Amino acid sequence: MSNTIVALSTARGRAAIAVVRMSGDDAIAIAKQFFSPFPSKPNMLKVGTLKTEYFDEHAMCVYFVAPHSYTGENTVEFHCHGGTAVAQAVIEQCLAHGAVMAQNGEFSKRAFLNGKQNLTNAEGIIEMIDAETASAAKAGANLLENKLGKRIMGLQNELLDVISACEVALDYPEEDLELPTVETAQKQLQSVLKQLDELISTSTLGKVAKYGIDVAIVGAPNVGKSSLLNALLGCDRAIVSDVQGTTRDTLTESVNYRDIRFNFVDTAGLRDTTDVVEVEGVKRAKIAADKADVVLHVTDDPTDRSVYPTIRPQVRIYNKCDLFDNPPCCVDSLVVSAKSGDVDVIKETLYEMFSAGEIENSDLLITNERHLSCLKLAKKQLVQAIADSKVATLDVVASSARQAWETLGQITGTSAHEDIIDRIYSKFCLGK
């Protein structure tokens with residue numbers, strides 16, 4: 001890792017400031033060749049002149065000495081005027097003096113390899129960058145702060161206690177040592193299993209925090225599904241007309257409500273038809289409903305008590321209530337008027353249905369599919385270890401427990417394969 005790498009760390013395009021980052025053994029020496037006066041102390045921004053091939057740039061420079069930097073290496077940052085041409089000229093000057101272009105995520109990967117972060121920290125950075133709601137950003141921040149990493153290391157330490165005790169009993173049977181009993185091993189493994197279950201159980205809320213709630217709007221033609229979508233979004237997104245079958249395809253749009261993202265899917269009216277295009281629309285409507293987290297079954301008939309055939313949770317929506325003589329009052333039903341636009345009761349109902357309010361008070365949520373997969377595999381291995389402890393010898397118990405320890409280590413990176421590490425950091429943008 002002797003190469004000194006360079007990349008733009010801020011977004012490309014017109015902006016007030018652009019930050020060019022350089023990291024590696026020679027970063028400071030390279031920067032001194034074209035920035036002056038160079039800062040006399042680390043960690044302090046210094047105003048100066050940055051000479052490029054094309055012009056002299058009035059910029060600022062700061063440097064960090066290894067290992068006290070983000071990457072754990074010598075690092076220099078140039079804060080120059082924003083814009084494509086200026087930043088590119090600074091990068092070219094770094095390249096001309098010996099630096100090489102960084103790969104996606106290479107700064108953060110070096111931080112991992114130098115012990116400055118673990119994989120959960122890195123994935124927290126990605127989730128914060130990708131977050132579109134405050135709840136998603138909070139979940140990413142918890143990863144970045146290593147809350148999951150600390151929990152995982154705690155569980156690994158508990159497993160190591162079991163493994164080491166079993167191995168001592170096997171390696172030194174003649175020594176006068178306090179050897180573990182099968183009951184003790186089972187109790188420790190059960191404790192770890194319980195904590196794994198608690199972490200896994202947070203993944204439902206974690207999905208809501210990160211991705212939001214997928215809501216399919218279904219019903220017969222002309223019951224006001226598209227009008228309802230427009231009211232929920234607060235804008236005219238879907239075409240509305242009196243002609244049956246106006247909506248032929250699914251239309252997905254998202255809106256944030258109390259820091260939770262709702263992904264609404266408007267669908268074609270459900271009816272028997274010979275129109276080939278409409279038949280395909282009905283088919284897609286049913287697929288959208290099957291994939292959704294919840295179904296809004298819309299009707300404009302106050303006497304309608306039908307239920308949409310789905311295993312998904314559903315809420316019956318009586319639309320066009322401004323036309324009702326006697327508004328219906330049914331369990332699991334809401335009475336609204338898309339025409340008036342007063343539909344926040346739907347959002348609030350969905351918010352409460354998925355316990356989204358608990359996200360704000362949650363200290364740690366599993367939002368990452370890779371983490372969830374590892375936790376479930378570790379649970380399976382622990383269940384096997386507990387079963388082994390009832391019928392097998394301590395060496396078999398230790399082997400199953402060690403498998404779970406290694407699986408948990410894939411979350412933080414202590415036992416992750418190189419291809420997993422490469423895949424994670426490849427998701428980063430160029431200058432991160």
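Predicted model: local features only at pLDDT ≥ 70, side-chain atom pairs only at ≥ 80, totals over all residues.
Strand 3 covers residues 35-36, and strand 4 covers residues 46-51. The two pair in the antiparallel sense, over 2 bridges. Phe 35 stands opposite Leu 50 of strand 4.

Strand 4 also pairs with strand 5 (residues 56-64). This pairing is antiparallel too, and it runs over 6 bridges. Thr 49 has His 58 in strand 5 as its bridge partner. A hairpin of 4 residues joins strand 4 to strand 5.

## Strands 1 and 2

Strand 1 (residues 5-8) pairs with strand 2 in the antiparallel sense. There are 4 bridges between them. Leu 8 stands opposite Val 20 in strand 2. Leu 8 also belongs to the lining of the largest cavity.

## The largest cavity

The structure holds 2 cavities of 30 Å³ or more. The largest has a volume of about 50 Å³. Its lining includes Leu 8, Thr 10, Ala 11, Arg 12, Gly 13 and Ala 15. Ile 17 and Ala 18 also line the largest cavity, as do Gly 82, Gly 83, Thr 84 and Ala 87.

Which elements give two or more residues to this lining? They are strand 2 (17-23) and helix 2 (84-96). By class, the lining of the largest cavity has 6 nonpolar, 5 polar and 1 charged residues.

## The second largest cavity

The second largest cavity has a volume of about 40 Å³. Its lining consists of Ser 135, Lys 138, Ala 139, Asn 142, Ala 209, Ile 359, Ser 362 and Leu 365. Helix 5 (residues 134-144) gives the most to this lining, with 4 residues.

By class, the lining of the second largest cavity has 4 nonpolar, 3 polar and 1 charged residues.

## Cysteines

How many disulfides does a search of the whole structure find? The count is 0. A disulfide is a covalent bond between the sulfur atoms of two cysteines. The cut-off used here is 2.5 Å between the sulfur atoms. For Cys 80, the closest cysteine sulfur is in Cys 94, at 9.6 Å. That is too far for a bond.

Is Cys 80 buried or exposed? Cys 80 is buried, with a relative accessible area of 3%. Cys 321 counts as partly exposed, at 24% relative accessibility. The limit for buried is under 20% relative accessible area.

## Ala 185

Ala 185 is found in helix 7 (residues 182-201). Ala 185 counts as buried, because its relative accessibility is 3%.

How far apart are the C-alpha atoms of Ala 185 and Ala 398? They are separated by 9.5 Å. Along the chain, these two residues are 213 residues apart.

Key:
Residues numbered from 1 in each chain as written. Heavy atoms only, no water. Buried < 20%, exposed > 50% of the residue type's maximum accessible area, 1.4 Å probe, protein only. 1 Å grid on protein atoms, 1.4 Å probe; cavity = no way out; pocket = protein on both sides within 12 Å on 5 of 7 lines; lining within 4 Å. Points joined across faces, edges and corners; volume = space filled by probe spheres on them. Nonpolar A, V, L, I, M, F, W, Y, C, P; charged D, E, K, R; others polar. Pairing = 2+ DSSP bridges.
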